[in-house]
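Hi,

Here is the structure I promised to pass on.

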Amino acid sequence: MKHTVLIVAAALAVPAAAYAQSVNDAQIASIVVTANQVDIDAGKLASTMAKSAEVKKFGALMVTDHTAVNKAAVDLATKLKVTPEDNPTSQSLKSGGADNVSSLKSLKGDAFDKAYVDHEVAYHQQVIDAVDKVLVPNASNAELKALLVKTRPAFVAHLEHAKQLQAKLGGGKSE
Amino acid sequence: MSRPPRRTTGGWLILWASTLALAGGAGAAALHRADGVRTRAVPPVVHTVTIDATSYQPAQLVVHPGDTIVWQNKDLFPHTVTSKGAFDSDVLVNGKSWRLVARRKGTFDYACVFHPVMKGRLTIE
């Protein structure tokens, strides 16, 4: 489980630092779409594989909310005629997401729930950090920046929600 | 992103205005309601709470019995306005509104069932 967290940190933090001053709007669009897709993929898995009903619901919520962000991002990119541009951050996100999903698929029951929720906590924290330190400061288009600012509180809500689940899962010794 | 809520609010305002007119014209009509809810000569007010950026804006609202509160979801995500045991909007997707006419006095804390960190408070006094 700890290694999953590290994978996330590595996927986001390292390229984020390296590209802190050089991402353009096309790259930001790609990072946003990939970051959301990664969480949609994990959410889909959790909505079917999680043991706890609350974790299942959280997984389904991640699918709904991050799909909504992606729709808005793609609509905006289309309107602005910006083609999302692959870059090291989006590539790392993609491979980190794939690693997470394959690691989760090997788990069941409580172990799955805990690993998924731990990952969600770490992932949302990293995404919020990336939004604050890299994406918002570098976004040059006002509408793109506004979309990032508008969606940030949802990521904070997800983080708090995941932390509450984490506390419940960690605290319960029965079952 | 579509933005139908404005129209919705306008609709409610018109509906409310026509209801008042039907009620007997004079503002004092509010004093004679059968349910005895209104005891003041102040006409009812329509308050709007915007749901955006995963929050209720304003998060705290004080109203009087007879007032109407309209919650408009301008956010990208589905939300609810849920006060357990008191009221529940059910799912409000982007662009949808929900209205509540204030009746029972009290303080009602509410939240979004999907995003429990979203909190609001309605005080009816």
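The model is predicted, so local features need pLDDT of at least 70, side-chain atom pairs count only at pLDDT 80 or more, and totals for chains, interfaces and linings use all residues. Residues are numbered from 1 along each chain as its sequence is written, while chains are lettered from A and ligands numbered from 1 in the order in which they are written.

Let's start with chain A. Helices (H or I, at least four residues) and strands (E, at least two) are DSSP runs, numbered from the N terminus. Helix 5 of chain A covers residues 109–138, 30 residues in total, and its first and last C-alpha are 41 Å apart, close to the expected 44 Å (1.5 Å times one less than the number of residues). Helix 5 of chain A also has a kink of about 45°, centred on A:Val131; the bend is the angle between axes fitted to the seven residues ending there and the seven starting there.

Next, the contact between the chains. It takes 13 residues from chain A and 12 residues from chain B, where contact means C-beta atoms, placed from the backbone, within 7 Å. On the chain A side, helix 3 (53–79) and helix 6 (142–171) each give two or more residues, and helix 6 of chain A has the largest share with seven residues.

Chain B comes to one helix and nine strands. Four of its strands form an open sheet in the order 2-1-4-7, with mixed pairing; strands pair if DSSP finds at least two bridges between them. Strand 2 (55–57) and strand 7 (97–101) of chain B each have a single partner strand, so one side of each lacks a neighbour in the sheet. Strand 1 (46–52) and strand 4 (68–73) of chain B run parallel over six bridges, and B:Val49 stands opposite B:Trp71.

Most residues other than glycine have a negative phi, and most peptide bonds are trans. B:Gln57 and B:Pro58 are joined by a cis peptide bond, with omega about 0°. B:Ala53 has a positive phi of about 50° and lies in the loop between strand 1 and strand 2 of chain B. With 17 other C-beta atoms within 10 Å, B:Ala53 is partly exposed (20 or more would be buried, 12 or fewer exposed, with C-beta atoms placed from the backbone).

Cheers

Key
Two residues are in contact if their C-beta atoms, placed from the backbone, lie within 7 Å.
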